[in-house]
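Good morning, and thank you for coming. I shall present one structure today, and I ask you to keep it in view while I speak.

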Amino acid sequence: MSAVVRTLLLWCPDWPVLAAEIIDGVPATGPVAVLHANRVLACSEQARAEGVRRGLRRREAQGRCPGLTVVDHDPGRDARAFEPVVAAVEEVAAGVEVIRPGACALPARGPSRYLGGEEAAAERIVEHVAQSCAVESQVGIADGVFAAGLAARQGRIVPPGGTPEFLSTQPVEALGRPPLADLLRRLGVRTLGDFAALSAGDVLARFGFDGALAHRMAAGRDDRPLAVRRPPADLTVTADLDEPIERVDVAAFAARTLAERLHERLAGHGLACTRLGIEAVTAHGQELHRVWRHDGLLSAAAIADRVRWQLDGWLTGARRGGPARPTAGIIRLRLVPDGVLAQAGLQPGLWGETGEERERAHRALTRVQGLLGPEAVVTAVLGGGRSPTDQVRLVPWGDERAPTRPAAAPLPSWPGRLPPPSPAVVLPTALAVHVWDAAGEPVTVSARLAMSAPPARLSTDATVEALVRVGVGRGVEIVGWAGPWPVDERWWAPTEARRRARFQVCLADGTALLLAVEHGRWLLEAIYD
């Protein structure tokens, strides 16, 4: 487990409201609310004094405050306005990471040693931001980004080693996961300390991977360190521009192309970006650099958005005493994936990413159906059932991929369902096999599931030999077996009733099979990998 980094986080309260004032001139001293999806995302101090709160619908917020000024949420505006704040922090300390517009973080060790302590560093950064950008901010210092963010809202410096105690009294809503917080409340877990006291294995089993990450954060262990490993240099993508770029729309077009190249390169290595470095070089040799951090995995569109926001912040200049516009146009762009995660599920799909490649594949498969018929191209649909053949249904390409049997709540709904792992090969029609005991007699199973003797050898017909590599007649030794598991289906319908017992057997050559006994006959249903 990696050590938690002592982190300094600067937070600007009500940043969407301040960004609207900086960019659009909406006075933040009055009652202002920023809305997203018809709900209040952020509001000014005066609006809160009149009863406006986050999450309220537009009509209810205006009912509480008739003079409320409503502004639509614009992530690009928030990012552009935050650029001079980040630049001001960088003038005091290096290694700043943008967590989101309105919050940035950096390791606390460097500025605290240089400026004479953590408290002195916090005061110096807040004062410099106020003087340079006329923006009020608060700083929190703790072990890890999550705890530092909560400390910043209180303007606190949590002593080293005191982060778990500081977090223990925070409400579960501090995790920023409303569905999880609501569920924990209903289970009687009200604070992060109560949540951290739960077993990590139980949390993972009950709440899944996201709940396990939240459990780590509640215990004072960040989901990932602030300084992640630097990926190989060949993951960096660079674009040399023919002519200097001075317009934001032209820069946005170049940024999207470069973002797609980076995303494809990362996907080819089974990686995804969590921290993105954006670098630009102007015609006069001026070098610009910024690092963006993201809680999730950056898609191609998310990378392009952040590059566009950053270029917009550089090219349009900044208000309120921010850094000046570059003296010349940008001639080179470089994207550096400073933070990457390896995950098996990040490999591109069968047809590549969503877009042109998938459309081409769809047209090709539709053409094959036109030549050979709809049943010539089929896709598998998972559903409910007790056997592997029941759980998979093949439907023609383009038809609705709806299961014939509900797959939800498999254990209560499908008693006797085959447990995982699933077989690698499921035979469309079960094939006959022969199972013998140590004395060479056929193994039988009674109606009460009593076996005549333990299975010792298995032999096959010629049609099965190519599948399981068992010679005809001579058979192969069974070195392990499990069962029987009875299945009694649709006993109330005599014409559809089916009763059988299933076995899992392992052969001497390492092959694992799923067998079934039905009407006194042994059948091979599936083969394990």
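I begin with a term: a contact means heavy atoms within 4.5 Å. The model is predicted, and local features need pLDDT of at least 70, side-chain atom pairs count only at pLDDT 80 or more, and totals for chains, interfaces and linings use all residues. Residues are numbered from 1 along each chain as its sequence is written, and side-chain values use heavy atoms, with hydrogens and water left out.

Let us start with Arg-80, which is placed in helix H4 (residues 75-90). Helices (H or I, at least four residues) and strands (E, at least two) are DSSP runs, numbered from the N terminus. Leaving aside residues up to four places away in sequence, Arg-80 touches Ile-23, Asp-74, Trp-309, Asp-312, Gly-313 and Thr-316. With Asp-312, the side chain of Arg-80 makes a polar contact of 3.0 Å. A polar contact is a pair of N or O atoms within 3.5 Å; within protein, one must be able to donate a hydrogen and the other to accept it, and residues adjacent in sequence count only if both atoms are side-chain atoms.

Rings of Phe, Tyr and Trp (its six-membered ring) pair if their centres lie within 6.5 Å; planes under 30 degrees apart count as stacked, over 60 as edge-to-face and the rest as tilted. Because the planes of Trp-15 and Phe-82 stand at 70°, with ring centres 5.3 Å apart, the pair is edge-to-face. Are these two residues buried or exposed? Both Trp-15 and Phe-82 are buried, where buried means under 20% relative accessible area, exposed over 50%, and partly exposed in between (1.4 Å probe, protein chains only).

Phe-195 and Phe-207 form another edge-to-face pair, at 6.2 Å centre to centre and 85° between the planes. Both Phe-195 and Phe-207 are buried. By contrast, Phe-253 is exposed, with a relative accessible area of 63%.

I close with the core. A nonpolar core is a set of buried Ala, Val, Leu, Ile, Met, Phe, Trp, Tyr and Cys residues joined through side-chain atoms within 4.5 Å. The largest has 70 residues, and Trp-15 is among the members that touch the most others. Helix H13 (residues 300-315) gives the most to this core, with 8 residues. A second, separate core of 31 residues includes Ile-99 and Leu-192.
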